Amino acid sequence: MWDRKREAFSTYKRLSLKDNSNSIDMEDNSAHLQNGKDFEASNPSWSLSLPHVLVATLTSFLFGYHLGVVNEPLEIISADLGFNGNTMAEGLVVSTCLGGALIGSLLSGWVADGVGRRRAFQLSALPMILGAGMSAMTKTLAGMLLGRLFVGTGMGLGPPVASLYVTEVSPAFVRGTYGSFIQIATCLGLMAALLIGIPVKEIADWWRTCFWVSTIPAALLALAMVFCAESPHWLYKQGRTEEAETEFEKLLGGSHVKSALAELSKFDRGDEPDDVKLSELLFGRHFQVIFIGSTLFALQQLSGINAIFYFSSTVFKSAGVPSNLANVCVGISNLAGSIIAMLLMDRLGRKLLLLWSFSGMAVAMALQVVAGSYHSSDSGALYLSVGGTLMFVLMFALGAGPVPGLLLPEIFPSRIRAKAMAICMSVHWVINFFVGLLFLQLLEKMGPQLLYSGFATFCLIAVAFVKRNVVETKGKSLQEIEIALLPQE
């Protein structure tokens, strides 16, 4: 078993060895294209696939919105529903959603492969609509928790499918840019929840309106998906070649359909069974990409991003900054980093952004450690802590936030892509849950300096891991990546 795993790791490294040959091939291809065709004609129009990608990112907007929707109103909700002062109940309102997300994430691969990407989006919207309605109308804690469980299931199902869909419908030359839209949509969802929650203390029952508002983008997602293209990769896997050809025409234009289908058929292994066993993913020849994907998501969470989001209000309050303004500052840093990532993703590549991101996060955590060594009333230490917080969020959004969700569907072979994403996203939710559960206890026992030093250490481990194990996928078609990564049989 371990021999197969070592062989898998060496095979994964082949892509970096093939980078030079690939670049030579691309130069040859471009030379052919110049003989009678303008170079621009070699790439399909990005505007054809853009509307489909934007609709898909509605699920990421909803993901961000539901993550933030209870933050501001939680105190009012607890008073109205009769559990004010019960920290366990307040924690359950948040953690029940995470539990539902784990369930949805585990199911996402099988749903996406079973019914297709479009219907998977619609199925993710349904529990978010039902759950938001339950939470908005409830008069009991049990009703709130049930609603949050439903919402969480949709939250867990949607993002992995969004990553799959955006990767499979985007032209290679803008795939990184389009993948960044997922993180931007998540940021916009978080900021929308913050802004809509502002009147919660002035207007009675406004928190119910906050939940009702989320049903609008969820319903729009379910309806708009009727008019969006299905993933041609999924259709081709189902043997529906004519339908795949039709969808490619919608996404790429008629002149690129034959070349796109030729790319798919180039790596069609007709002798392979469609069903993917869990043992094949965890112990077989796909082990290396599953390991890399799961480790990236684990390190993303162990970097301390959720702890920073959780603790940022306290840091800003110590510096005399109101909580609303603090949340806005964090949201702007998150959005700014995501926009920079969008602009650089297809220019600098995924690996370089990851290295910059984790390195910057380690520096930001070091600033927090230095700030913690001074007296809490020292104004310089407070400003250093605020600056470290904003820098950490900015650097996270630059790479560690958006890149794993884009990179993993690129490196996963088509046959296992949906189920592999489900496993890796489940690791994400499990680590997320335990970081949230243990953070306050660790902070109390270890103190902020030691805890933030631990987070900085994980960021440095991530830098070493990315440098050693992650390869660049910028500008390569999914089929080129798949051929380079899989063992030749």
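H16 is mostly covered, with 14 of its 16 residues buried; buried here means under 20% relative accessible area, exposed means over 50%, and partly exposed is in between (1.4 Å probe, protein chains only). The helix takes in residues 287-302, and from first C-alpha to last it reaches 22 Å, close to the 22 Å expected at 1.5 Å a residue. That expected span is 1.5 Å times one less than the number of residues in the helix. After H16 comes Gly-304, which has a positive phi, near 100 degrees.

A word on what you're looking at: this is a predicted model, where local features need pLDDT of at least 70 and side-chain atom pairs count only at pLDDT 80 or more, while totals for chains, interfaces and linings use all residues. Residues are numbered from 1 along each chain as its sequence is written, and side-chain values use heavy atoms, with hydrogens and water left out.

Now zoom out. The protein chain has 23 helices and zero strands; helices (H or I, at least four residues) and strands (E, at least two) are DSSP runs, numbered from the N terminus. Of the 489 residues in the chain, 54% are buried. Take the contacts (heavy atoms within 4.5 Å) with a separation of 6 or more, and 84% of them come from residues 24 or more positions apart.

Next stop, Ser-357, which sits in helix H19 (residues 350-372). Is Ser-357 buried or exposed? Its relative accessible area is 0%, so Ser-357 counts as buried. Leaving out residues up to four places away in sequence, Ser-357 touches Met-395, Phe-396, Leu-398, Gly-399 and Ala-400. Ser-357 and Cys-459 are 102 residues apart along the chain, yet their C-alpha atoms are separated by 9.0 Å.

Stay with H19 and look across to helix H21 (residues 403-411). Their axes come within 11 Å and cross at roughly 150 degrees; axes are lines fitted to C-alpha atoms, for helices over the stretch in contact, and angles run from 0 to 180 degrees between N-to-C directions. On the H19 side, Arg-350, Leu-353 and Leu-354 meet Val-403, Pro-404, Leu-406, Leu-407 and Glu-410 of H21.

His-233 is another one to click on, in helix H12 (residues 232-237). His-233 counts as buried because its relative accessibility is 7%. Set aside neighbours within four places in sequence, and His-233 is in contact with Glu-168, Leu-264, Arg-417, Leu-478 and Gln-479. The backbone oxygen of Glu-168 lies 3.4 Å from a polar atom of the His-233 side chain.

Although Asp-205 is not a glycine, its phi is positive, about 60 degrees. At 40% relative accessibility, Asp-205 counts as partly exposed.

Note on methods
Polar contact = N/O pair within 3.5 Å; in protein donor to acceptor, adjacent residues only side chain to side chain.
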